Amino acid sequence: PGHREVLLLRFVDGMTLPEIAELAGIPLGTAKSRLHHALAALRSDPDLEKPAAPVNESAGNDTSWKETR
């Protein structure tokens, strides 16, 4: 499989890298390399929107863990 297939097998199908290597009949290092290059290509694609950071309205205000007396 190419870069795209390794990426999909890893993150959509949830396979481990050793499983992908065995399925594809390629060395583990090759599977790792293909995943690395696929992720690098995604990160550098200017057409992809970066997800916004989640808003945590109660950040720093959660006192539910404190003991009340």
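This is a predicted model: local features need pLDDT of at least 70, side-chain atom pairs count only at pLDDT 80 or more; totals for chains, interfaces and linings use all residues.
Residues are numbered from 1 along each chain as its sequence is written, and side-chain values use heavy atoms, with hydrogens and water left out.

**Figure 1. Overall fold of the chain.** The chain has three helices and zero strands, in the order α-α-α along the sequence. Helices (H or I, at least four residues) and strands (E, at least two) are DSSP runs, numbered from the N terminus. Of the 69 residues, 16% are buried, where buried means under 20% relative accessible area, exposed over 50%, and partly exposed in between (1.4 Å probe, protein chains only). Among contacts (heavy atoms within 4.5 Å) with a separation of 6 or more, 44% join residues 24 or more positions apart.

**Figure 2. Helix H1 and its cover.** H1 spans residues 3-11, and its buried residues are Val6, Leu7 and Leu9. Viewed down the axis of H1, these residues fall within an arc of 165°, so they line one face of the helix; the arc is that of the directions from the helix axis to the C-beta atoms. Arg4 and Phe11 are exposed on the other side of H1. The cover over the buried residues of H1 includes helix H2 (17-24) and helix H3 (28-43).

Figure 3. Alanine 24 counts as partly exposed because its relative accessibility is 26%.

**Figure 4. Helix H3.** The 16 residues of H3 should span 22 Å at 1.5 Å a residue, which agrees with the 23 Å between its end C-alpha atoms; the expected span is 1.5 Å times one less than the number of residues. Ala31, Leu35 and Ala38 are the buried residues of H3. They fall within an arc of 65° seen down the axis of H3, so they line one face of the helix. On the other side of H3, His36 and Arg43 are exposed.

**Figure 5. The largest nonpolar core.** This core has 11 residues in all, including Met15, Leu17, Ile20 and Ile26. A nonpolar core is a set of buried Ala, Val, Leu, Ile, Met, Phe, Trp, Tyr and Cys residues joined through side-chain atoms within 4.5 Å. H1, H2 and H3 each give two or more residues to the core.
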